[in-house]
Amino acid sequence: MTKITATKALLVLGWLLLQFLLFQHHGVRIVYDSHRFILFTNEVLAGQPVAYPQVWRYVGYPGFLLPFFGLGASLQLVVAAQMAVSGLAAVFLHKAAKHLTGNAWLALLATSLYALNPDLQAWNCYILTDSLFTSFSTICLSLLLLPKRRSRWVGFALTLLWAVLVRPNGFIILFATGAYLISTYRPFRAYNKWVLGTVGLLAAIGFYIVLDRFLLKAFMLMIPYERGDLIYGYYGFVLNQYYQPQMPPPTLTQLGQVLWFLWHNPLYFLGMALLKGFFFFAHIKPFYSLAHNVAIIAFLVPVYAFAWVSWRRSLLPTSVKVLLLTPVLWQAGITMLTIEDWDGRWLYPILPSFLLLAAVGVQSRFPFLFNRSALGS
């Protein structure tokens, strides 16, 4: 048995042990939104009208629950399935990191930071969309980075569809895919730029309408703006202590209210957005313990630093950089527009982008230690 194989075995055992410990600690976590998904799935099985039609925006998750409920399986099996999909995502992340760096040890390092992250892996125990969305996002990005085969394209299409359906912001993976394919194949080179500009404008207007009238319809975006809170559920620091913003008329649509608010409170809006962006990327929280915040900083700062090294040195093709950056920008923009969550879970779907960039950055910084010849088995 080679060192690489032995290390892979240790990683798998470590991941299995972590899943066991997390399940022992959390069990099956049913929180506020879990009840809506459970009720929705049972109503669909019974052929009854749904009590919470907004769950249609997350229809991929009840679709995941449906076979378990239909067979009368316990929620423990749902958690086990989420753990299995998370493990599959780690496998594909490993393949993608190995493909980008050509180094088996760096691939294992990037995979370990994903698979052995207790905060990220803990969401496997929740009856929520977060575990699946993070896993599907990771699988989609990884499959696009691997050599293209027909079987992988089929798997990619199915995973992409599920990622788009499991959360309203699943469109960021669709946009990342589109941006990657366009930057790779450049299918519009022969078209007139004015035609492309017109089509792009019409597509942007269509997306605005879908976002405003469907995806954001159930959200009350103005509540945190009026209260001035930056982290959902935490009111120890709110901006309206220092300034009372003007609020838009409630007759406007969701995005209409945001645009009105931005026009009348530009500095307040900018301050809120930047602070929410800080808490999103820093991932630390005022209510976490000191040890927890220190651990987060110790984990993220090197990852961000080496990802920046990779980006600055232009070590990857433009299409790959576009693929990895697009979901980061969209997820950050959505959080800055809405609100950072109390548990920081919005960061996890884009963490693989940083890990892959960081792996390339580490190789660039230490080329003799992590050369492309160490492919391993």
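1. The largest share of the nonpolar surface patch, 5 residues, is supplied by α10. The patch is made up of L201, L202, I205, Y208, I209, L259 and L262, which together have about 650 Å² of accessible area, and the elements giving two or more residues to it are α10 (193-215) and α12 (254-264). Patch members have over 30% relative accessible area and no salt bridge, with like charges joined within 9 Å and nonpolar side chains (Val, Leu, Ile, Met, Phe, Trp, Tyr) joined within 5 Å; the areas come from the Shrake-Rupley method with a 1.4 Å probe, and for residues only the protein chains shown count as cover.

2. This is a predicted model, in which local features need pLDDT of at least 70 and side-chain atom pairs count only at pLDDT 80 or more, while totals for chains, interfaces and linings use all residues. Residues are numbered from 1 along each chain as its sequence is written, and side-chain values use heavy atoms, with hydrogens and water left out.

3. L259, one of the patch residues, lies in helix α12 (helices are DSSP runs of H or I with at least four residues, strands are runs of E with at least two, and both are numbered from the N terminus). Helix α12 packs against helix α13 (residues 266-282) at an angle of about 115 degrees, the axes being 5 Å apart, and the two are therefore roughly perpendicular to each other. Axes are lines fitted to C-alpha atoms, for helices over the stretch in contact, and angles run from 0 to 180 degrees between N-to-C directions; under 35 degrees counts as roughly parallel, over 145 as roughly antiparallel, 65 to 115 as roughly perpendicular and the rest as oblique.

4. In the contact (heavy atoms within 4.5 Å), V258, F261, L262, W263 and H264 of α12 meet P266, Y268 and F269 of α13. These residues divide into 7 nonpolar, 1 polar and no charged.

5. The axes of helix α3 (residues 60-70) and helix α8 (residues 150-166) come within 6 Å and cross at roughly 110 degrees, which makes α3 roughly perpendicular to α8. Here G60, Y61 and F64 in α3 meet W162, L165 and V166 in α8.

6. The whole structure holds 6 salt bridges (a side-chain nitrogen of Lys or Arg within 4 Å of a carboxyl oxygen of Asp or Glu). One of them joins D130 to R167, with the closest N and O atoms 3.9 Å apart.

Terms used: Nonpolar A, V, L, I, M, F, W, Y, C, P; charged D, E, K, R; others polar.
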